[in-house]
Amino acid sequence: MTADPTMPSADAALFEVPTPVDELLRLAGAFTRHNDALDIALRAENTAPDAAHSTSARDLGGGVLKVLRAIQDQRLHPSDDLTRAQVRLRQLVFLTVSSADQPPAAARELTALATKTVMDSTMIVAEETLRAHSKGHHAAGADLTAVQKSALTEIARGHVVANSTLGREYTRSSGSKVLMSTLRRLEAKHLVSRTAGTALPAYVGGPLQDRVQLTPAGITALGAALTRPEPVRTAPKVTGVPLVSPAQATARSR
């Protein structure tokens, strides 16, 4: 399995304490890479269980358990949505750990919905966190445009890959479209990165594509945006036209 580029550095950890939303976003990326690796193994017709895959699966299962404990420690309002999200995450632990000793085809089936499950839970936890803490979680560099926030969310969902043909770069998304121009702006802000040749081809016989994923800074920025209330937009103040009395009107007309 590929290394986890979303793990924060030791220096970053001294200044930022990851929230459960941040940890869920990191897990979503890790599951996407895990499944990408299984897809490539299947493409190479590898049928035997792989030690690296087994280790990755067990680590991911442990990561989900850890974030479940963090969610419980937040003592959020016990809504039905939050309860269902926690149940789905516990089911994901079982499926992921069970996949550890399976051949690639069976393992891939067991974790097929992993990223979606984690991201759906992320949105629920973020909403409940926002409800519990109206001021939200603010982090440096978290100010995003609506387009950037949408793009980061699509990337976190594992929907976005990049490639090039005849020297021209382009993106592909299985969800909302993320333009190459948007991707480049996010890369310039160090919020996303591409890992070459880690995603399946766009067509049979085509080249492997580049997976686009959030960086540690991207995880922090999106986590902050998801748990921070939208700014209240007030209508511009309109200065009224002063009223003119009949006497003044008569005087002005003379």
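## Close-up views of a predicted protein model

**View 1. The whole chain, end to end.** Starting at the N terminus, the elements of the protein chain go α-α-α-α-α-α-α-β-β-α-β-β-α-α. That makes ten helices and four strands; helices (H or I, at least four residues) and strands (E, at least two) are DSSP runs, numbered from the N terminus. Keep in mind that this is a predicted model, where local features need pLDDT of at least 70 and side-chain atom pairs count only at pLDDT 80 or more, while totals for chains, interfaces and linings use all residues. Residues are numbered from 1 along each chain as its sequence is written, and side-chain values use heavy atoms, with hydrogens and water left out. Of the 254 residues in the protein chain, 41% are buried; buried means under 20% relative accessible area, exposed over 50%, and partly exposed in between (1.4 Å probe, protein chains only). If you take the contacts (heavy atoms within 4.5 Å) with a separation of 6 or more in the protein chain, 72% of them join residues 24 or more positions apart.

View 2. Two strands count as paired if DSSP finds at least two bridges between them.

View 3. Strand β1 (residues 160–165) runs antiparallel to strand β2 (residues 168–173), with six bridges between them. Look for A162: its bridge partner in β2 is T171. The hairpin of β1 and β2 has two residues between the strands, and L166 takes a positive phi near 55° there. Over at the other pair, β3 and strand β4 (residues 209–214) are antiparallel too, joined by five bridges. In that pair, S193 has Q213 of β4 as its bridge partner.

**View 4. Helix α2, wrapped up by its surroundings.** Helix α2 (residues 20–43) is 24 residues in length and spans 34 Å from its first C-alpha to its last, close to the 34 Å expected at 1.5 Å a residue. That expected span is 1.5 Å times one less than the number of residues in the helix. Why is α2 largely enclosed by the rest of the structure? It is because 19 of its 24 residues are buried. After α2 comes E45, with a positive phi near 60°.

**View 5. T32 inside helix α2.** Zoom in on helix α2 and you'll find T32. Its relative accessible area is 5%, so T32 counts as buried. Which residues does T32 touch, leaving aside neighbours within four places in sequence? They are T115, G158, R211 and Q213. T32 and L113 are 81 residues apart in sequence, yet their C-alpha atoms are 9.9 Å apart in space.

**View 6. T129 in helix α6.** T129 sits in helix α6 (residues 114–132). With a relative accessible area of 9%, T129 is buried. Its side chain reaches the backbone oxygen of V125 at 2.7 Å. Not counting residues up to four places away in sequence, T129 touches Q74, L76 and T227.

Note on methods: Polar contact = N/O pair within 3.5 Å; in protein donor to acceptor, adjacent residues only side chain to side chain.
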